[in-house]
Each structure stands twice: as structure tokens, then as C-alpha cells.
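Take a moment with the sequence and the fold before reading on. The walk below goes from whole chains to domains, then to the core and a sheet.

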Amino acid sequence: MTEPDAPSDTQATYVFAVCRNADLSAVAELPGVTVDAPVTALPLGKLTAIVQSVRAAEFTDEAWQARLSDQQALERYARAHHEVVSAVAARCPAVPLPMATLYHGEDRAREALSQEEGRFEAVLKRIERHTEWGLKVYATPSSPVDTAPAPVHRVTPTGRSSPEPGAGLAYLNRKRDVQERRERSTDEALRAADLVDAEVCRLAAASRRLRPHPQPSADRRVQVLNATYLVDERRTGELALLTQTLRDRTGAQIELSGPWVPYSFVGEVQP
Amino acid sequence: MTDVDFRQDRYPVSGPQTTNLADILERVLDKGIVIAGDIKIDLLDIELLTIRLRLFVASVDTAKKAGIDWWENDPALSSRASRNALQDENRDLRQRLDELESNEENRGP
């Protein structure tokens, strides 16, 4: 797949992250997004970009569109990107860039990224000694077991069975009860989600609500909160304790994931 | 600000090792610091992408429920199907043999 202006030997520069006091030991062995060239450091002055030289023809918009329709390909690239970003951030303060940030070569990358140095510095300052923690709350729908007695059937003289008078009404009442129970449990779960979010916000430096993920159909749980928090490293232990306390208090299922590189808290920072 | 050395164990950030794809996608796709690149990549809105991926996963589930499970009967895709294919062929051959034999009898000597 080649474009007229991008013959197959043209190289592009893929940028993973920008960091301070770059330490490449963690990424040297990682494959990155191509096998053609190693992941390397590109000095930008005081900061360093973590980059990889890729074939331009394999990283066109067209190529990415094809990847986005192929779950396995998309997963491979997303994980490869994430792996490099995480490895860098494990060794030095780093600002993650979104997947598929590409330049026409290293000179262009250096030029464009250097212009943003103020923003990078501001972000590094904000996320210094902080990590991101994801938190999800699930509602488990009450089991739809019907506790009402089964309708009584009487046998008519002809031997045919017919429902007791009022059976239709009883059926509707039972249906209404089930519906009400379901609504009540959803309300309770949403209230629990708000409470959990409010409590964790008090401990976090910043928070963001993400879109709840739909669950696979085999999973009867409903995700009522998908939030993410920027937390001071020194408070990580407190967060774990708080999560357990909230589990006990609300009875809700709470999943904590992390530590993440603070992807969700670098976008809106102004220099 | 003075330069502080955050290296090694003093900055112990790493991604969770076992993370689901949706968690990673919602972070690497529409988060991170957005710097204009030279090559314009139009990554879908995460919502559209999630829906697309979900359809991809759900379609197998839904199709099975709807009884559209052609791949289970496709010899190229299923070992059970290849066994079925042999049984089917066997049955067809028997049937044809029966037909031939009965034709033979009807014609008589």
C-alpha cells in the first residue's frame, strides 16, 4: 500500500512520549510499532522524545483506518504504544502522546515538539510523583427469581384447565414488582457510584469520568461508574484502603486498576 | 524549578500488567497530550470505535443466538463441521445406492 508522495522507502518518525532525564534502558528491548528500527531517544534540548523510525507507507491514514477495523491489529498497536510509554514512565518523568503521532522525519519531529516545550514542562510539573488510577463500579442486577406463588389452576367439568379469576391481574402485579425491583437496584447502584466518586475525589488531585463500558452479554453486571483519578504516589496505600472501605459500605463491586501513566490528565494542561 | 532526579525506583510508574483492551484504548486513543503531527491520522472518536469493536465481538454472540452459525458447519472453519461433512457424504452415498438398487429391482429381469 503506497501513496504517490510516499514511496515505500520513505521514513516517518513515530513519537511515543516526551520525557525528562531520559533513560532508554527500559525501552531498548521493546519492539515498539515496527520491527524495522529500534525505539530511540531524540534530544529536544532539555527534554527528550522517545521515537521510532517507521516506513511512512505503513503509517498513512489509510493504513490506520484498516487497523481500526481489525481488532487484533488495533490491539497489537495500542499495546505496543502503551508498553513503550509505560516502560519510559517507569524510569523517568514522561508525558504520553496519543497513539499515531507522526512526523516527516526526526528534524521535523524535533522542530514541532520543541515548540511545545512550555506545555510539556507544565504537564511534567502537574503529574510529578502522581499516577493515574482507574476505578469502576458495577451494579449486579437482583436475580429475577419470582417469589410470588404460582397461579392456581382449576379444572373445569370438561377437564380443561383454566386460570383462576384475577390471574391476569396477579401476573401484571408480579411483572410490575420485578420492574420496580430492577429500577430500585439501578438507582441504588447509581447512588453508590456517586458516593464512591465523591469519596475518591477527596483523596485525588484530579478526576475524570470516562464513558462506562458495555459489558459482554454473558456478564449480567452493569458498569455504573468508569472514572479515573490522578493520585499522589504517597497516597496510593490510602486509595487501596478507601476502596476496600467503600466496597464494605456500599456492597457494590468496585474494581481498581493502576498505576497508569497519567494519560487522562495531560491533555488540558496549559503552559 | 530545580532539576530533580526521578530516575529508577524513585518514579515507579508502570502500566498495570493485565489490562483489558478497552482500558488501554480509552487512554492511548483520545487522551495524552495532543500535538499536531505532520501526518494527519483521523483516529475515530473513541465512542464510535468502542461501538465498532463491540459489534465485532457481539456479532458472533448475536449471530449464534439468531441461529446464523454457518461457520460451525463450514469444514474450513470447524473440525466438527468436517466430521459432519463426512457423515453427510456417507448418507448421500447410501441414499444413492438404495435408489440404484431399488431401480434395479423394479426393472426386474
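A residue counts as buried if 20 or more other C-beta atoms lie within 10 Å of its own. By that test, 36% of the 271 residues of chain A are buried. The model is a predicted one. In chain B, buried residues make up 17% of the 109 residues.

The two chains can be described by their secondary structure. Chain A holds six helices and 11 strands. Chain B has three helices and zero strands. Along its sequence, chain B reads α-α-α.

Where they meet, seven residues of domain 1 of chain A are in contact with four residues of domain 2 of chain A. Which elements supply the domain 1 side of chain A that touches domain 2 of chain A? Three of them give at least two residues each: α2 (71–91), β4 (94–96) and α4 (117–127) of chain A. The largest share comes from α2(A), with three residues.

Next, look at the packing inside. The largest nonpolar core has 75 residues. Within this core, A17(A), C19(A), I50(A) and V88(A) touch the most other members. Helix α2(A) gives the most to the core, with eight residues. Both domain 1 (11–128) and domain 2 (131–145 + 178–265) of chain A give residues to this core, so the core lies between them. Leaving out residues up to four places away in sequence, V88(A) touches F16(A), A17(A), C19(A), A26(A), V27(A), I50(A) and A94(A).

Turn to the sheet. Strands of a sheet pair through backbone hydrogen bonds, either parallel or antiparallel. Here four strands of chain A form an open sheet in the order β9-β10-β6-β11, with antiparallel pairing.

Follow β10(A) through its pairings. Strand β6 (residues 130–139) of chain A runs antiparallel to β10 (residues 222–232) of chain A, and 10 bridges join them. In this pairing, H130(A) stands opposite D232(A) of β10(A). V137(A) has L225(A) of β10(A) as its bridge partner. β9(A) also pairs with β10(A) in the antiparallel sense, over five bridges. There, L210(A) stands opposite N226(A) in β10(A).

Is β10(A) largely enclosed or open? Eight of the 11 residues of β10(A) are buried, so this strand is largely enclosed by the rest of the structure. A helix also lies across the sheet strands. Helix α5 (residues 167–203) of chain A lies across β6, β9, β10 and β11 of chain A. The α5 helix of chain A runs at about 5° to β10(A).

Note on methods:
Residues are numbered from 1 along each chain as its sequence is written. Chains are lettered from A and ligands numbered from 1 in the order in which they are written. This is a predicted model: local features need pLDDT of at least 70, side-chain atom pairs count only at pLDDT 80 or more; totals for chains, interfaces and linings use all residues. Two residues are in contact if their C-beta atoms, placed from the backbone, lie within 7 Å. A nonpolar core is a set of buried Ala, Val, Leu, Ile, Met, Phe, Trp, Tyr and Cys residues joined through C-beta atoms within 7 Å. A residue is buried if 20 or more other C-beta atoms lie within 10 Å of its own, exposed if 12 or fewer, and partly exposed in between; C-beta atoms are placed from the backbone. Domain bounds come from an automatic or database domain assignment. Two strands pair if DSSP finds at least two bridges between them. Axes are lines fitted to C-alpha atoms, for helices over the stretch in contact, and angles run from 0 to 180 degrees between N-to-C directions.
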